[in-house]
Amino acid sequence: MRTVRAPATSANLGSGYDTFGVALSRPADVVSVERADRTTIEVTGAGAQFIPEDPEKNTVGAVARALDAPAHIKIDKGVRPASGLGSSAASAAGAALALNDLYDRGLSREELVPIAAEGEAVVSGAAHADNVAPALLGGFTIATADGVRSIETNVPLVACLPEEPISTRDAREVVPTHVSIEELVATVGNAATLSVGMCRSDPELVGAGMADEVVTPHRAALITGYDAAADAAREAGAHGVTVSGSGPGVLAVCPPDRRRAVAAAMVEAFADNGENARAYRTWTGGGAELV
Ligand SMILES: Nc1ncnc2c1ncn2[C@@H]1O[C@H](COP(=O)(O)OP(=O)(O)O)[C@@H](O)[C@H]1O
Ligand SMILES: N[C@@H](CCOP(=O)(O)O)C(=O)O
């Protein structure tokens with residue numbers, strides 16, 4: 001048997017749609033695998049009742065198939081599904097690392113990224129790698145058609161999750177298919193600023209580089225109370241706020257000693273808008289680990 005702790009992740013970070021991602025130090029899924037003749041899946045934990053155990057519909061089933069590694073797979077969910085914190089990716093990354101080890105496949109973490117991304121295609125219709133890359137490699141990752149680049153970084157974060165779920169598949173429908181040259185120029189500037197901020201572990205630069213007028217406003221419009229929560233976070237000291245992944249989670253970057261105030265301000269703003277929300281005070285963190 002092999003057991004892996006696989007972290008929540010936040011994708012896009014505003015200016016890096018389908019490209020940027022970070023691993024979070026908490027929450028995380030725990031995935032255990034045992035050799036079997038055919039793949040079976042058992043899910044417990046946060047939101048387990050919304051997650052299919054059919055291997056054709058669960059992200060870990062696609063990973064087991066891609067690695068030709070049938071197993072009994074137990075998933076203890078710490079990352080709530082459809083909340084914008086890479087829940088489906090955490091399980092996929094955990095299963096990829098665990099099955100690679102169990103079956104001695106010898107693949108590197110980088111080589112496991114496209115395999116884990118096949119799980120994402122099962123749930124969202126697109127094999128986007130911007131969650132599975134940080135879930136496997138940790139830190140800040142840039143996933144492109146050429147492969148994945150990653151760096152270690154140390155940035156304080158708050159992730160606030162309103163209760164009402166949003167499916168990634170649905171939230172991909174609202175993304176515009178074209179941008180103007182002005183929007184492209186602004187996006188390149190913001191994305192480059194964010195990357196430098198991650199390299200320097202500088203929350204202020206990361207916050208500035210999270211700005212985005214192309215994708216984020218369309219996703220924010222799907223989240224009841226987003227504007228109030230973002231304003232409240234900034235007033236409480238956040239350097240930058242954006243939609244986490246496809247939402248409804250909201251990600252704020254702030255000085256380490258403002259995390260408590262930012263978390264409380266966001267939860268209160270959502271409550272004022274009739275939404276129950278839970279906030280995690282977290283940091284950028286490492287990738288999946290055998291435990
Ligand atoms: N192992 C898994 N963990 C979480 N969600 C899963 C898993 N396998 C399949 N799903 C499905 O994926 C969907 C959630 O994925 P998604 O909408 O991309 O949100 P996120 O991955 O950010 O939580 C839900 O419909 C859920 O049932
Ligand atoms: N790039 C994807 C990221 C989805 O992240 P999730 O955590 O909501 O699954 C997108 O924006 O669609």
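The C-alpha centres of domain 1 and domain 2 lie 22 Å apart. The model is predicted. Domain 1 covers 2-151 + 286-290, and domain 2 covers 156-283. Both domains give residues to the shell around ligand 1, so this ligand lies between them.

**Domain contact**

- In domain 1, 26 residues are in contact with 33 residues of domain 2.
- The domain 1 side that touches domain 2 divides into 12 nonpolar, 12 polar and 2 charged residues.

**Ligand 1**

- Ligand 1 is surrounded by 22 residues.
- The closest are Ser87, Ser88, Ser91, Val123 and Thr168.
- The elements giving two or more residues to this shell are α1 (59-66), α2 (87-102) and α3 (109-124).
- Helix α2 gives the most, with 4 residues.
- By type, the shell around ligand 1 holds 10 nonpolar residues, 12 polar residues and no charged ones.

**Ligand 2**

- Around ligand 2 there are 14 residues.
- Ala11, Gly86, Thr168, Gly245 and Ser246 come nearest to ligand 2.
- Helix α5 (residues 168-172) supplies the largest share of this shell, 3 residues.
- The shell around ligand 2 divides into 3 nonpolar, 8 polar and 3 charged residues.
- Domain 1 and domain 2 each give at least three residues to the shell around ligand 2.
- Thr168 is named among the closest residues for ligand 1 and among the nearest for ligand 2.

- Strand β4 (residues 71-77) has alternating side chains.
- Ala71, Ile73, Ile75 and Lys77 point to one face of β4 and are buried.
- Strand β2 (residues 20-35) runs antiparallel to β4, and 6 bridges join the two.
- Thr44 has Asp76 of β4 as its bridge partner.
- From β3 the chain crosses through α1 to β4, and this β-α-β crossover is left-handed.
- Helix α1 of this crossover is also one of the elements that give two or more residues to the shell around ligand 1.

Key: Residues are numbered from 1 along each chain as its sequence is written. Chains are lettered from A and ligands numbered from 1 in the order in which they are written. This is a predicted model: local features need pLDDT of at least 70, side-chain atom pairs count only at pLDDT 80 or more; totals for chains, interfaces and linings use all residues. A residue is near a molecule or strand if its C-beta atom, placed from the backbone, lies within 6 Å of it. Ala, Val, Leu, Ile, Met, Phe, Trp, Tyr, Cys and Pro count as nonpolar, Asp, Glu, Lys and Arg as charged, and the others, Gly among them, as polar. Domain bounds come from an automatic or database domain assignment. A residue is buried if 20 or more other C-beta atoms lie within 10 Å of its own, exposed if 12 or fewer, and partly exposed in between; C-beta atoms are placed from the backbone. Two strands pair if DSSP finds at least two bridges between them. A crossover is right-handed if, with the strands pointing away from the viewer, the path from the first strand over the helix to the second runs clockwise. Two residues are in contact if their C-beta atoms, placed from the backbone, lie within 7 Å.
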